[in-house]
2 protein chains.
Amino acid sequence: MDEKRIAAIFKAFCDENRIRIIKLLRSGEKCACKLLEEINVTQPTLSHHMKILCDAEIVVGRKEGKWTHYSISEKGVEQAKECLRQLTTLDVESENKPCCEK
Amino acid sequence: MDEKRIAAIFKAFCDENRIRIIKLLRSGEKCACKLLEEINVTQPTLSHHMKILCDAEIVVGRKEGKWTHYSISEKGVEQAKECLRQLTTLDVESENKPCCEK
DNA sequence: ACGACATATAGAAAAATGTCAATGTATTTT
DNA sequence: AAAATACATTGACATTTTTCTATATGTCGT
């Protein structure tokens, strides 16, 4: 995966309000109006955050009439975890010449 | 952990250059001058990114004479993984009233 | 002690992000 | 059909982040 996409995925988790939204969704699917009651932003701001979360595929939206129900995407979360794993797993294969020795 | 700290941890992973730096460190400890050769920023900008990575505890710096050797912190990475797990694990306990029903 | 080197810090400019008010688009309710 | 509701989009503004140049700090070699 390219750096830009990886960055987009983790951007989901680097705003305080988005973290609050994710925490709220742990208890299950919620519609935007419910989320709006719980976090202290205006409706357009919430909508903006939901877009970022959905683009990162951490959250999915399900439209039903005039409501949109959001929930955590198990698939997206797995991808984020896998991404974090790949990024941070040491590569023992590549021999690493010590650098900047005296 | 509070939202601010969680955000700080994941900020490590939401800049393209920092992701490149982390990828470089997978092959083992590297000094700043080596990293500088590989990513396309000035020395102060690299220094700035290293500070963010170290503050997030994803990377640790080891000073040795005039050099600073950076490496991925296994401990910090584990904490990030655990954090991601906790954030995204569904809470089956809390019953979730369906909201916004017709 | 002096010059060269490695890195950090300060300050400013540029770019990206978060926020809100106003407005648009569906859909539902009356 | 009109009003109300739920959500998205637009555009403006403020804040934060990224980046640079210039400079400071600390260490090494001579």
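Let's start with the sheet in chain A. Three strands form an open sheet, in the order β1-β3-β2, with antiparallel pairing. Strands here are DSSP E runs of at least two residues, helices are H or I runs of at least four, and both are numbered from the N terminus. Two strands pair if DSSP finds at least two bridges between them. The edges are β1 (30–31) and β2 (59–64) of chain A, each pairing on one side only. β2(A) and β3 (residues 67–72) of chain A are joined in the antiparallel sense by 6 bridges. One pairing to look at: A:Val59 has A:Ile72 of β3(A) as its bridge partner.

A word on the source. This is a predicted model, where local features need pLDDT of at least 70, side-chain atom pairs need 80 or more, and totals for chains, interfaces and linings use all residues. Residues are numbered from 1 along each chain as written, chains are lettered from A and ligands numbered from 1 in written order, and side-chain values use heavy atoms, without hydrogens or water.

Now DNA strand C. How many residues surround it? The count is 24, and the closest are A:Lys11, A:Thr45, A:His49, B:Cys33 and B:Gln43. Near means a heavy atom within 4 Å. Of the DNA strand C atoms within 4 Å of the protein, 72% are sugar or phosphate, and the rest belong to bases.

Next, phosphate oxygens of that strand. A polar side-chain atom of A:His49 sits 2.4 Å from one. For the side chain of B:Ser47, the N or O distance is 2.8 Å. For A:Asn17, it is 3.0 Å.

Last, α4(A) gives the largest share of this surface, 5 residues.

Key: Polar contact = N/O pair within 3.5 Å; in protein donor to acceptor, adjacent residues only side chain to side chain.
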